[in-house]
Amino acid sequence: MSALEGQISDFELTGALAEFRDRSRAFAEKELLPHAAAWDRDTEFPREAVQKAADQGFLKITVPEEYGGSALGNLASCIMLEEFNAACPSAGVTVSVHNSLACSLLSKWGLPEVKAECFPKLVTGEWLGAYCLSEAGSGSDAAALVCTAKEDGDEWVLDGPKLWITTGSEAGLFIVFARTGEDRVKGISAFVVERDHPGVSIGKKERKLGLKASPTVEVLLENVRIPKRNLLGEVGNGFTIALDTLDGGRLGIASQSLGIARHAIDLIKAHLAGQVDHKGRPNASQAHQYTLADLSTDLDAARFLTWRAATLRDRDIRCSGEAAMAKLKASRLANEAARAAVSILGVDGASGASAAERCLRDARITEIYEGATDIQRLVIARSVLASS
Ligand SMILES: Cc1cc2nc3c(=O)[nH]c(=O)nc-3n(C[C@H](O)[C@H](O)[C@H](O)COP(=O)(O)OP(=O)(O)OC[C@H]3O[C@@H](n4cnc5c(N)ncnc54)[C@H](O)[C@@H]3O)c2cc1C
């Protein structure tokens with residue numbers, strides 16, 4: 001025992017968190033894994049499975065208890081998302097966006113009467129949440145958005161298309177970022193828009209490389225009138241809200257990446273375990289063993305980065321740099337592990353019906369959305385420089 005006081009962590013899940021991980025894993029293995037390949041092949045949204053996830057309480061973990069949530073927080077969310085994404089990243093991103101982007105944002109910035117109205121539907125899965133920031137001319141440069149929100153009496157009137165919206169066609173609630181002023185950053189505000197508000201419609205569905213069972217669509221807003229109370233936070237702080245929420249969202253995508261990486265590593269493990277000599281002794285090539293060792297080490301490292309950032313966020317400590325590090329490391333690893341799985345499994349990895357091929361296609365997207373890889377590096381550099 002050290003004479004110095006204090007501890008950093010016990011590096012292990014215990015008690016209720018370990019039980020929650022086991023429950024998440026059992027759900028993923030029973031309800032997601034057996035169907036993931038077919039959902040991907042048929043680009044079929046797993047509506048029934050997502051509803052079962054809601055029924056088991058997985059869609060309310062960032063919602064406060066007073067609104068029917070379980071308030072389990074960011075670390076629990078990361079643990080659950082690794083399990084879901086190891087089984088089916090399309091279902092995983094649906095749950096991630098619902099919890100980490102829509103519900104957590106509404107919880108932090110919504111008015112009590114709006115929360116009281118929306119959360120009962122969000123926690124039961126009657127509504128899924130979507131996050132509408134991107135536009136045709138505004139991806140990494142989110143402040144370039146042009147969708148407008150204008151005050152008119154007791155209402156806000158929203159106009160403009162939003163692009164590449166995860167779960168958009170299935171969602172009941174949209175968090176929408178729109179321009180309320182000319183200043184690039186301070187002229188952006190955030191709003192709650194319901195699917196049933198007149199003027200909301202769904203445009204084209206994207207044909208994508210991966211996450212094929214997660215619908216990504218255009219959300220069209222044409223003269224959409226919403227009550228004043230649907231403003232989130234203050235007028236003009238939408239950009240701050242977007243970035244703050246993305247810290248949590250990036251933990252969701254880091255966890256998705258961990259799940260994909262773990263799945264790919266498991267495929268390699270199973271393949272190498274089957275390679276034995278004529279006496280039944282392990283006979284995998286040394287090069288493949290090195291790859292397995294490196295990937296397994298990086299998986300633990302990426303998981304610890306993710307859990308560190310989640311723990312900070314659960315304590316209400318700003319974690320932009322830490323969340324970006326987690327996403328950067330984990331999403332690169334997901335790609336590396338998936339590439340290795342395809343190579344090592346050979347034709348069994350390259351086949352269009354293989355799990356390794358699906359891992360590779362899904363992994364590519366983790367380096368694009370919720371801040372592309374180079375954007376994460378800029379966030380990390382900014383954070384490191386600010387602390388020096
Ligand atoms: C499957 C999927 C689902 C999505 N879901 C949602 C959603 O639910 N809601 C939503 O709002 N958006 C969503 N998006 C959009 C996503 O957030 C954007 O794709 C992302 O922000 C990148 O924007 P972009 O595609 O326009 O790429 P760009 O911004 O054009 O970037 C392209 C490349 O250039 C690099 N780059 C850009 N600017 C810089 C810079 N300043 N310095 C260095 N490098 C730079 C990037 O790193 C990237 O590699 C989704 C995207 C995908 C693929």
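Two residues are in contact here if their C-beta atoms, placed from the backbone, lie within 7 Å. The model is a predicted one, in which local features need pLDDT of at least 70 and side-chain atom pairs count only at pLDDT 80 or more, while totals for chains, interfaces and linings use all residues. Residues are numbered from 1 along each chain as its sequence is written.

The domain assignment, which is automatic or taken from a database, divides the chain into domain 1 (130-237 being domain 2) with bounds 15-128, and domain 3 with bounds 239-386. The centres of domain 1 and domain 3, taken over C-alpha atoms, are separated by 21 Å. Across this pair, 22 residues of domain 1 are in contact with 23 residues of domain 3. On the domain 1 side, helices H2 (36-42), H4 (74-87) and H5 (89-109) each supply at least two residues; helices (H or I, at least four residues) and strands (E, at least two) are DSSP runs, numbered from the N terminus. H4 provides the largest share of that side, 10 residues.

Turning to the ligand, 22 residues surround it, with Ser 134, Gly 139, Ser 140, Thr 166 and Ala 372 the closest; a residue is counted as near if its C-beta atom, placed from the backbone, lies within 6 Å. Domain 2 and domain 3 both give residues to this shell, so the ligand lies between them. Strand E1 (129-132), strand E3 (155-166) and helix H12 (373-386) each supply at least two shell residues, and H12 gives the most, with 4.

Next comes the interior. A residue is buried if 20 or more other C-beta atoms lie within 10 Å of its own, exposed if 12 or fewer, and partly exposed in between. A nonpolar core is a set of buried Ala, Val, Leu, Ile, Met, Phe, Trp, Tyr and Cys residues joined through C-beta atoms within 7 Å. The largest such core has 118 residues, and Leu 158, Phe 191, Ala 264, Ala 338 and Ala 341 have the most contacts inside it. Helix H9 (residues 320-345) gives the most to this core, with 15 residues. Leu 158 touches, among others, Cys 147, Val 176 and Phe 191, leaving aside residues up to four places away in sequence.

Helix H11 (residues 355-366) is largely enclosed by the rest of the structure, because 10 of its 12 residues are buried. Among these buried residues are Arg 358, Leu 360 and Asp 362. Their cover includes H2, H5, helix H7 (238-273), H9 and helix H10 (347-350).
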